[in-house]
Amino acid sequence: MRIVSGKYRGRQFDVPHSFKARPTTDFAKENLFNVLRGYIDFESGPEAMDLFAGTGSITLELLSRGCIRVVCVEKDGLHYSLITSFLDKLGDSHCFPVKADVFRFIASCGEKFDLVFADPPYSLPNLHDIPDIVHSHDLLKPDGLFVLEHGKGDDFSSHPLIVDHRRYGSVHFSFFKW
């Protein structure tokens with residue numbers, strides 16, 4: 001796994017082959033962040049949250065591109081340890097990893113972010129509820145953006161808060177604002 005752009009561009013991190021999480025591909029990440037530049041001013045130092053952080057691929061990219069604060073939430077202990085080891089290697093103090101169930105954390109968070117990104121397991125039974133859950137817990141600042149990574153079998157085109165959808169290979173991103 002590598003960081004594709006920003007101050008840590010080119011840094012590589014080894015993810016064990018035995019890990020269940022699938023890092024977002026470089027191709028999908030690069031295109032995602034090209035789209036995000038139209039919504040988020042990374043030069044102003046936005047604050048972000050990465051839900052279902054997995055390997056930390058998006059977290060590291062957010063830090064590299066100028067987020068002044070990134071909260072990443074991961075429930076799996078091995079994945080959480082991997083993320084914290086990557087953060088230790090970077091030596092970046094702008095990330096706050098949290099080992100917790102995403103839904104419990106959201107319910108008690110009480111903070112707002114410029115960007116909330118979620119990459120849940122594609123087979124998660126309540127995947128379709130995530131945009132509404134993030135919305136109901138008021139996690140976004142005014143003009144904030146919520147991005148959900150999902151598989152091709154999930155369609156959010158009729159959701160009232162969707163503003164964009166992009167597909168890069170088998171990876172889909174749906175963008176929501178409120």
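Student: Which pattern does the protein chain follow when read along the sequence?

Tutor: This is a predicted model, in which local features need pLDDT of at least 70 and side-chain atom pairs count only at pLDDT 80 or more, while totals for chains, interfaces and linings use all residues. Residues are numbered from 1 along each chain as its sequence is written, and side-chain values use heavy atoms, with hydrogens and water left out. Helices (H or I, at least four residues) and strands (E, at least two) are DSSP runs numbered from the N terminus, and the protein chain has five helices and seven strands. Read along the sequence, they give α-β-α-β-α-β-α-β-α-β-β-β.

Student: In which sense do S4 and S5 pair?

Tutor: Two strands count as paired if DSSP finds at least two bridges between them, and S4 and S5 have five bridges, with Phe113 opposite Leu140 in S5. S4 also pairs with strand S1 (residues 47–51) over four bridges in the parallel sense, and there Ala48 stands opposite Leu115 in S4. For S4 and S5, the sense is parallel.

Student: Why is S4 described as largely enclosed by the rest of the structure?

Tutor: Buried means under 20% relative accessible area, exposed over 50% and partly exposed in between, with a 1.4 Å probe and protein chains only. S4 is largely enclosed because, of its six residues, the number buried is five.

Student: How many residues does the largest nonpolar core have?

Tutor: A nonpolar core is a set of buried Ala, Val, Leu, Ile, Met, Phe, Trp, Tyr and Cys residues joined through side-chain atoms within 4.5 Å. In the largest one, the residues with the most contacts inside it include Leu32, Leu115 and Phe173, and among the elements that each supply at least two residues are helix H1 (26–36), strand S4 (113–118) and strand S7 (171–176). A second, separate core of 24 residues includes Phe52 and Phe146. The largest core has 35 residues.

Student: Which residues does Leu32 touch, not counting residues up to four places away in sequence?

Tutor: Contact means heavy atoms within 4.5 Å, and Leu32 is itself one of the residues with the most contacts inside the largest core. With residues up to four places away in sequence not counted, Leu32 touches Ile58, Phe117, Val147, Tyr168, Phe173 and Phe175.
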